[in-house]
Amino acid sequence: MNKTFLIYGANGYTGELITRFAAQRGLKPIIAGRNEEKIAELAGKHGFDYRAFSLEDTAKLDAVLQEVDMVLHCAGPFSITSLPMVTACIRNKKHYTDITGEISVFETCAAMGKKAEEAGVMIMPGVGFDVVPSDCLARHLKDRLPSATHLSLAFYGMGRISHGTQATMTMNVGKGGAIRKDGKIVSVPAAWKTREIDFGEVTKTGLTIPWGDVATAYYSTGIPNIEVFTVIPPANLRMLKVSRYLGWLLATGPFQSYLQKKIPPGGPSDEERAKGKTLLWGEASDEQGNHVESRLRCPEGYTLTALAALNIAEKILNGNFTAGYQTPAKAYGADLVLEINGVQSEDG
Ligand SMILES: NC(=O)c1ccc[n+]([C@@H]2O[C@H](COP(=O)([O-])OP(=O)(O)OC[C@H]3O[C@@H](n4cnc5c(N)ncnc54)[C@H](OP(=O)(O)O)[C@@H]3O)[C@@H](O)[C@H]2O)c1
């Protein structure tokens, strides 16, 4: 039997892009989601099989998982959708991947690592822009400076964000920031720290954000102190600082439904994605004052997400996986990101 995989949430912005790229590669996934009309239409376009079911329908979920070898979960926010899928994957002995960037999802999956190992399957959340390039950069820096105790990572995305990314960010607004300190994830205020970051072709002011690597880079490198920075427009920085004081209000039900309804559907067009790019920078240092820096120049974030997720899916389907909870660079090494067309690296 040919190995195959399930793309759940295929009708979302990123799910559709991944489905389209899968068709271009000649892959034959089964696509799925909770909206039968949209899923059937997308399946018809690419000649794929489809299944329509909600994540609450455990019997149907189990039955569908029996038809595939792994899942590429694209329906977010993953803090809502990941748990039913990852537990079903372990129960049915199927590999699990997703495109989350949420710290809580990485930590929940990490806590299920033993169960996944016993089931002989790999669970790897974060196979998209968050965290493939930054995780590879982290691992590369650790390889260059094995004594590293501190890691700083930063990314600068030039392009528009999608409905789901904005919905996930809005859901988490008011929850503050997070860093890793002495091996533990600790809460810090939103935009807690800023610093000038030399991305190579441009220098920008970065601010700390609770990005997935605060969780994952620790598993990939063992470095106990981790901060992640990004670049946002000055107006958004002001709003983030205000959210330190109004966070409780922004997180309330009525405010959340108001903000969520205002988010436009979709994401960057094919033309916008083709023009976009992302820059990453990382620095590792140790107690003796040694420090190393490296940079990556990558395609636009959603393009990279689709390419990285499918590269990893192909590896798993070819039997290249390690059972248990894994991060991309832990399972596949720092050079994984260099397998993506258009990625360039530079050590500084
Ligand atoms: N890690 C990364 O670099 C990266 C990159 C891209 C996206 N993402 C994340 O991926 C997620 C999707 O983003 P997007 O822009 O593609 O989103 P989107 O266009 O809003 O699509 C979301 C998809 O998820 C489905 N969905 C949402 N809640 C669900 C639930 N409770 N049960 C079942 N299905 C559910 C939606 O189904 P309906 O159509 O039925 O509502 C839709 O198919 C977001 O969390 C985003 O942050 C991460």
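Biologist: Where does Pro77 lie?

Modeller: Elements come from DSSP runs: helices are H or I with at least four residues, strands are E with at least two, and both are numbered from the N terminus. Pro77 lies in the loop between strand 4 (70–73) and helix 4 (78–91). This is a predicted model, where local features need pLDDT of at least 70, side-chain atom pairs count only at pLDDT 80 or more, and totals for chains, interfaces and linings use all residues. Residues are numbered from 1 along each chain as its sequence is written, and side-chain values use heavy atoms, with hydrogens and water left out.

Biologist: Is the peptide bond from Gly76 to Pro77 cis or trans?

Modeller: Start with the general rule. Most peptide bonds are trans, and most residues other than glycine have a negative phi. The bond from Gly76 to Pro77 is cis, with omega near 5 degrees. The bond from Asp130 to Val131 is cis too, with omega near 15 degrees. Val131 sits in the loop between strand 6 (122–124) and helix 7 (132–144).

Biologist: Is the phi of Lys93 positive or negative?

Modeller: Positive, at about 55 degrees, although Lys93 is not a glycine. Look for Lys93 in the loop between helix 4 and strand 5 (95–98).

Biologist: How many residues surround the ligand?

Modeller: A residue counts as near a molecule or strand if one of its heavy atoms lies within 4 Å of it. Here 27 residues surround the ligand, and the closest are Tyr13, Thr14, Ile99, Ser162 and His163.

Biologist: Which side chain has an N or O atom 2.4 Å from a ligand oxygen?

Modeller: A polar contact is a pair of N or O atoms within 3.5 Å; within protein, one must be able to donate a hydrogen and the other to accept it, and residues adjacent in sequence count only if both atoms are side-chain atoms. The side chain is that of Ser162. The backbone takes part as well. A backbone N or O atom of Asp130 lies 2.8 Å from a ligand oxygen. For Gly12, a backbone N or O atom lies 3.3 Å from a ligand oxygen.

Biologist: At what angle do helix 1 and helix 13 pack?

Modeller: Axes are lines fitted to C-alpha atoms, for helices over the stretch in contact, and angles run from 0 to 180 degrees between N-to-C directions. Under 35 degrees counts as roughly parallel, over 145 as roughly antiparallel, 65 to 115 as roughly perpendicular, and the rest as oblique. Helix 1 (residues 13–24) and helix 13 (residues 301–317) pack at about 55 degrees, with axes 9 Å apart. The two are therefore oblique to each other. Contact means heavy atoms within 4.5 Å. Among the residues making it are Tyr13, Leu17 and Phe21 of helix 1 and Tyr302, Ala306 and Leu310 of helix 13.

Biologist: Which residues of helix 4 meet helix 5?

Modeller: Phe78, Ser79, Ser82, Leu83 and Val86. Their partners in helix 5 are Ser104, Val105, Thr108 and Cys109. The axes of helix 4 and helix 5 (residues 103–111) come within 9 Å and cross at roughly 20 degrees. These helices are therefore roughly parallel.

Biologist: How closely do the axes of helix 3 and helix 4 come, and what is their crossing angle?

Modeller: The axes of helix 3 (residues 58–65) and helix 4 come within 10 Å and cross at roughly 50 degrees. That makes helix 3 oblique to helix 4. Thr58, Leu61, Asp62 and Leu65 in helix 3 meet Pro84, Met85, Ala88, Cys89 and Arg91 in helix 4.
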